[in-house]
Structures are given as structure tokens and as C-alpha cells.
Amino acid sequence: MAISKEQVQHVAQLARLALTKEEVEQFTTQLNDILHFAEKLNELDTENVEPTTHVLPLANVLREDEVRPSVPRDKALANAPEKQDGMFRVPAVFEE
């Protein structure tokens, strides 16, 4: 598999990038080098290698959800610049 100069120019156009001829040439070479390297990885024997999602064995490191008392409403609103009906009052972020 190889990438052509036309493909590089097409992707650059989609990304709204103005590339010089030298840059197109450079990126074409670099991308083809990357693809060549990826093709070399396909030569590896992975028959007895289990698929993994991470290189290290990980377990869920999150704690269990448990109900705990929260900050009382009056204390949470104590330093609020504006409050209304027991809630924080904030500026509207949309127009009516």
C-alpha cells in the first residue's frame, strides 16, 4: 500500500492546508515510510498472542459507589454571589 501525491494534496485540501510542492513531496515520503513500517509489523507471528486492550494488566481502580452525606445546602450556598430558591443563580447562556 502506498500513498500518492494526489492523496496527500486531497487530504490537505480537506484540512484546508496550503502545502508547497516540497511539503507534498516530504509528506508523501513520510507517510509512505510509516505505512512501510506498519506493513513490517504484519510480518510478526502473533498466532499465540492474546489480544489486549492495554500493555499492562489493569483492574478497575475506581471505588464502589456508596451513599455518603453531602455538603448541606445552606453551607454550599453561603458564598454564592447570587442565589434563588435554594439554588445557585447564574447568567443565562442562551437568548430567548
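Here is a short tour of a predicted model, going from a pair of helices to a pair of strands.

**Stop 1: two helices.** Select residues 5-14, which are α1, and 21-41, which are α2. How do α1 and α2 pack? Their axes are 9 Å apart, at an angle of about 110°. Angles of 65 to 115 degrees count as roughly perpendicular, so that is the word for α1 and α2.

**Stop 2: where they meet.** Now show the side chains of Lys-5, Val-8 and Gln-9 on the α1 side. Across from them, in α2, pick Val-24, Glu-25, Phe-27, Thr-28 and Leu-31, which they meet.

**Stop 3: Thr-28.** Stay in helix α2 and click on Thr-28. Is Thr-28 buried or exposed? Its relative accessibility is 8%, and buried means under 20%, so Thr-28 counts as buried. Leaving out residues up to four places away in sequence, Thr-28 touches Ile-3, Ser-4, Lys-5 and Val-8.

Stop 4: The whole structure has two salt bridges. For one of them, select Lys-5 and Glu-25, whose side chains come to 2.8 Å, N to O. This pair links distant parts of the chain, with Lys-5 in helix α1 and Glu-25 in helix α2, 20 residues apart. Both partners count as partly exposed: Lys-5 has 39% relative accessibility, and Glu-25 has 38%.

Stop 5: With a relative accessible area of 53%, Ile-34 is exposed.

**Stop 6: the loop between the helices.** Go to Arg-16, in the loop between α1 and α2. What is its phi? The value is near 60°, which is positive even though Arg-16 is not a glycine. Arg-16 is exposed, at a relative accessible area of 72%.

**Stop 7: the strands.** Jump along to β1 (83-84) and β2 (87-88), and find Asp-85 in the loop between them. Asp-85 is another non-glycine residue with a positive phi, about 55°. Its relative accessible area is 65%, so Asp-85 is exposed.

**Last stop: Glu-82 and Arg-89.** Select this pair to see their side chains meet in a salt bridge at 3.4 Å, N to O. Glu-82 is partly exposed at 45% relative accessibility, and Arg-89 is partly exposed at 46%.

Terms used:
Residues are numbered from 1 along each chain as its sequence is written. This is a predicted model: local features need pLDDT of at least 70, side-chain atom pairs count only at pLDDT 80 or more; totals for chains, interfaces and linings use all residues. Side-chain values use heavy atoms; hydrogens and water are left out. Helices (H or I, at least four residues) and strands (E, at least two) are DSSP runs, numbered from the N terminus. Buried means under 20% relative accessible area, exposed over 50%, partly exposed in between (1.4 Å probe, protein chains only). Contact means heavy atoms within 4.5 Å. Axes are lines fitted to C-alpha atoms, for helices over the stretch in contact, and angles run from 0 to 180 degrees between N-to-C directions. Angles under 35 degrees count as roughly parallel, over 145 as roughly antiparallel, 65 to 115 as roughly perpendicular and the rest as oblique. A salt bridge is a side-chain nitrogen of Lys or Arg within 4 Å of a carboxyl oxygen of Asp or Glu.
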